[in-house]
Amino acid sequence: MLDIFKQKFTIECDEVPKTNEDICLEVAKYCAEHNMQYEFLSRTEPIVAMLDGTKYEITKRFVKHHQVNLWVLRCTKIYE
């Protein structure tokens, strides 16, 4: 379950998510692995989802970390 105070977190991708649908599938996979409830409010950019009752905008990013390069999905809390 997500900490209600968490403002941002990342999801590491096994492969490059090429489409919005790929991003949604990665989020769904992550949620299933972590027993989280999810609902997509927008499946097009910007992708918006409710994750355990908190609204997040999800963006794709390429990260260089030491000698490892990987794609991640950055989930940023949306305040209304």
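User: What radius of gyration would a compact globule with 80 residues have, and what does the protein have?
Analyst: With 80 residues, a compact globule would have a radius of gyration near 12 Å, and the protein has 12 Å, which agrees. The radius of gyration is taken over C-alpha atoms, and the globule rule is 2.2 Å times the number of residues to the power 0.38. Please keep in mind that this is a predicted model, in which local features need pLDDT of at least 70 and side-chain atom pairs count only at pLDDT 80 or more, while totals for chains, interfaces and linings use all residues. Residues are numbered from 1 along each chain as its sequence is written, and side-chain values use heavy atoms, with hydrogens and water left out.

User: And what box do the C-alpha atoms fill?
Analyst: Taken along the principal axes, the box is roughly 35 × 25 × 25 Å.

User: How many helices and strands are there, and in what order do they run?
Analyst: The protein has one helix and five strands, and from the N terminus on the elements run β-α-β-β-β-β. Helices (H or I, at least four residues) and strands (E, at least two) are DSSP runs, numbered from the N terminus.

User: What share of the residues counts as buried?
Analyst: Of the 80 residues, 31% count as buried, where buried means under 20% relative accessible area, exposed means over 50%, and partly exposed lies in between (1.4 Å probe, protein chains only). The protein exposes about 5,700 Å², and carbon and sulfur atoms supply 48% of that area. These areas come from the Shrake-Rupley method with a 1.4 Å probe, and for residues only the protein chains shown count as cover.

User: Which strand does β1 pair with?
Analyst: β1 is joined by five bridges to strand β5 (residues 68-77), and the two run antiparallel; two strands pair if DSSP finds at least two bridges between them. Within this pair, T10 stands opposite R74 in β5.

User: What about β2 and β3, how are they joined?
Analyst: Four bridges join β2 to β3, and these strands run antiparallel. They form a hairpin with four residues between them, and the bridge partner of Y38 is L51 in β3.

User: Which peptide bond is cis, and where does P46 lie?
Analyst: The peptide bond from E45 to P46 is cis, with omega near -5°, and P46 lies in the loop between β2 (38-42) and β3 (47-51). For comparison, most residues other than glycine have a negative phi, and most peptide bonds are trans.

User: What phi does D52 take in the hairpin of β3 and β4?
Analyst: In that hairpin, which has two residues between the strands, D52 takes a positive phi near 50°, although D52 is not a glycine. At 23% relative accessibility, D52 counts as partly exposed.

User: And N35, is it buried or exposed?
Analyst: N35 is exposed, with a relative accessible area of 70%. N35 is placed in the loop between α1 (20-33) and β2, and N35 too has a positive phi of about 50° although it is not a glycine.

User: Switching to T54, where is it and what is it in contact with?
Analyst: T54 lies in strand β4 (residues 54-65) and is buried, with a relative accessible area of 16%. Leaving aside its neighbours within four places in sequence, T54 is in contact with A49 and K77, where contact means heavy atoms within 4.5 Å.

User: Last one: is E80 buried or exposed?
Analyst: E80, in the segment after β5, is exposed, with a relative accessible area of 84%. The C-alpha atoms of E80 and K55, which are 25 residues apart along the chain, are separated by 9.3 Å.
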